[in-house]
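I opened this model to look up a few things. My notes follow in the order in which I made them.

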There are 2 protein chains.
Amino acid sequence: MTYDVGMTVIETRAPLNRERIIGAAVKLADQHGADELSMRKLGAELGVEAMSLYNHVANKDEILDGMIDHVFTTIPLPDPKEDWRVSVRTTGLAAMEQFTAHPWVVSLLMQRGNFGNASLVFMNQVLGILRAAGFSDEETHHAWQMLASHTMGYAFQQSSGSWHEKDWNGLEDQLSRLGDRFPHVVALAPLLAECEFGSEYAFGLEIIISGLEARLG
Amino acid sequence: MTYDVGMTVIETRAPLNRERIIGAAVKLADQHGADELSMRKLGAELGVEAMSLYNHVANKDEILDGMIDHVFTTIPLPDPKEDWRVSVRTTGLAAMEQFTAHPWVVSLLMQRGNFGNASLVFMNQVLGILRAAGFSDEETHHAWQMLASHTMGYAFQQSSGSWHEKDWNGLEDQLSRLGDRFPHVVALAPLLAECEFGSEYAFGLEIIISGLEARLG
DNA sequence: ACCTGAACACCGTTCAAGT
DNA sequence: ACCTGAACACCGTTCAAGT
């Protein structure tokens with residue numbers, strides 16, 4: 001923050017700490033992608049040399065884990081008093097929303113796993129709701145695995161796809177050149193390019209919820 | 001190969017080319033993971049300096065794309081004469097098998113996208129089968145998106161999970177310490193740790209196939 | 001207690017030089 | 001035509017030195 005005191009401007013850097021470092025890392029990743037995140041750039045963002053970060057954080061991996069935890073903290077937990085179908089639907093959509101807002105979190109999860117505190121809190125809550133709904137432990141396991149896969153899968157496709165990116169144009173050229181070899185891909189390319197991943201995800205979520213429901217009871 | 005000619009051993013290196021480079025890269029990634037793959041190590045594997053690789057390949061990205069293509073080439077294409085449910089099931093399982101055998105391909109797909117020749121051939125074949133089964137273009141799009149998400153999601157979880165890894169022990173300690181905070185996670189941890197991703201995947205695949213079938217006709 | 005500069009062992013990639 | 005060594009601009013991380 002800066003205070004304007006008379007004619008001089010006194011620059012008062014907030015003291016460096018773990019929280020500020022991870023916040024800045026999230027901001028940088030949101031802006032430029034996780035690949036662009038380096039200790040040197042992160043230091044520069046915080047007005048400090050890269051080496052100073054090591055006073056507050058063991059290494060880069062701790063920062064990455066902190067970023068994952070930060071995102072999971074922002075996903076609202078499902079309400080156990082709701083019907084399980086509502087809880088699962090609401091929570092799935094909320095999770096997808098965060099994965100969309102922070103696309104880098106998907107690849108980070110793959111690199112690092114997701115056993116931070118916030119993701120365990122989240123997982124525990126969802127598992128509790130499924131068990132309370134009457135699913136056996138095996139069924140709960142199946143349901144979790146399937147819901148997680150569907151969610152991660154869509155998030156994955158959303159962040160990996162270049163169907164809806166700039167290089168789509170180059171791809172379109174490529175496809176029309178190879179139209180006779182890939183007629184079905186060419187026919188569906190517009191749908192793939194313009195698709196709303198959010199509603200696509202919701203569509204699949206309903207199929208899964210129905211399928212799980214049928215196996216319950 | 002080495003020929004033993006009398007008292008001297010003549011070492012005849014096969015000439016370097018794109019195919020040999022990508023083959024060696026796949027081998028290295030299978031053994032040590034994609035993170036360990038560097039131009040210098042790949043060169044060493046081929047008995048050559050890293051810089052030689054650039055005579056046969058534009059850059060590292062071309063190698064990575066080639067590795068993805070290599071894996072997709074090994075997935076058997078579904079037979080259009082089969083019932084679509086059989087085709088989808090068989091192909092999904094075959095794809096999962098390859099993603100399991102080459103876990104690095106999932107993160108590579110996320111980094112690089114998957115619009116190589118082999119993956120377009122694969123995608124085109126699956127889309128054709130869905131359309132021939134009577135799905136509209138919109139429904140085919142939904143179905144593809146959902147099947148791809150489910151498959152990538154399971155592959156993702158399989159390669160990201162440390163539930164079934166060595167560090168599971170450390171996690172178990174952590175969980176039992178925090179057992180009162182995460183009772184549902186602790187209760188299901190054994191199931192998560194010992195689960196067979198293959199059969200988990202198959203379980204979800206059946207739910208999806210049934211769900212799609214219900215929306216057909 | 002916190003920050004820094006120099007250094008180390010790695011990257012991908014370029015380029016002039018070798019054969 | 002293919003391979004090489006030296007070099008460049010980057011990494012994450014260590015460590016002794018500064019305040």
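**Ser149(A).** I started with a serine. Ser149(A) counts as buried, because its relative accessibility is 0%. Buried here means under 20% relative accessible area, exposed over 50% and partly exposed in between, with a 1.4 Å probe and protein chains only. I placed Ser149(A) in helix α7 of chain A, residues 137-160. Helices are DSSP runs of H or I with at least four residues, strands are runs of E with at least two, and both are numbered from the N terminus. Which residues does Ser149(A) touch, not counting residues up to four places away in sequence? I found Ser149(B), His150(B), Gly153(B), Tyr154(B) and Gln157(B). Contact means heavy atoms within 4.5 Å.

**Ground rules.** This is a predicted model, in which local features need pLDDT of at least 70 and side-chain atom pairs count only at pLDDT 80 or more, while totals for chains, interfaces and linings use all residues. Residues are numbered from 1 along each chain as its sequence is written, chains are lettered from A and ligands numbered from 1 in the order in which they are written, and side-chain values use heavy atoms, with hydrogens and water left out.

**Ser87(B).** I then checked a serine in the other chain. Ser87(B) sits in helix α4 of chain B, residues 84-101. Ser87(B) is buried because its relative accessible area is 4%. Beyond four places in sequence, Ser87(B) touches Pro78(B), Asp79(B), Glu82(B) and Ile129(B).

**Chain A.** I counted 10 helices and two strands in chain A. Along the sequence the pattern is β-β-α-α-α-α-α-α-α-α-α-α. Chain A has 217 residues, and 46% of them count as buried. Of the contacts in chain A with a separation of 6 or more, 69% are between residues 24 or more positions apart.

**Core.** The largest nonpolar core holds 132 residues. Such a core is a set of buried Ala, Val, Leu, Ile, Met, Phe, Trp, Tyr and Cys residues joined through side-chain atoms within 4.5 Å. Leu42, Met67 and Phe156 of chains A and B touch the most other members. I followed Met67(B). Leaving aside neighbours within four places, Met67(B) is in contact with residues including Ile22(B), Val26(B), Leu37(B) and Trp104(B).

**Cysteines.** How many disulfides are there over all chains? The count is zero, with a disulfide taken as a pair of cysteine sulfur atoms within 2.5 Å. Cys195(A) counts as buried because its relative accessibility is 13%. Cys195(B) is buried as well, with a relative accessible area of 13%.

**DNA strand C.** I found 17 residues around DNA strand C. Near means that a heavy atom of the residue lies within 4 Å of the strand. The closest are Ser52(A), His56(A), Arg40(B), Tyr54(B) and Lys60(B). Sugar and phosphate make up 52% of the atoms of DNA strand C within 4 Å of the protein. An N or O atom in the side chain of Arg40(B) is 2.6 Å from a base nitrogen of DNA strand C. A backbone N or O atom of Glu49(A) lies 2.9 Å from a phosphate oxygen of DNA strand C.

**DNA strand D.** A polar side-chain atom of Lys60(A) lies 2.7 Å from a phosphate oxygen of DNA strand D. For Tyr54(A), a polar side-chain atom is 2.9 Å from a phosphate oxygen of DNA strand D.

Methods. A polar contact is a pair of N or O atoms within 3.5 Å; within protein, one must be able to donate a hydrogen and the other to accept it, and residues adjacent in sequence count only if both atoms are side-chain atoms.
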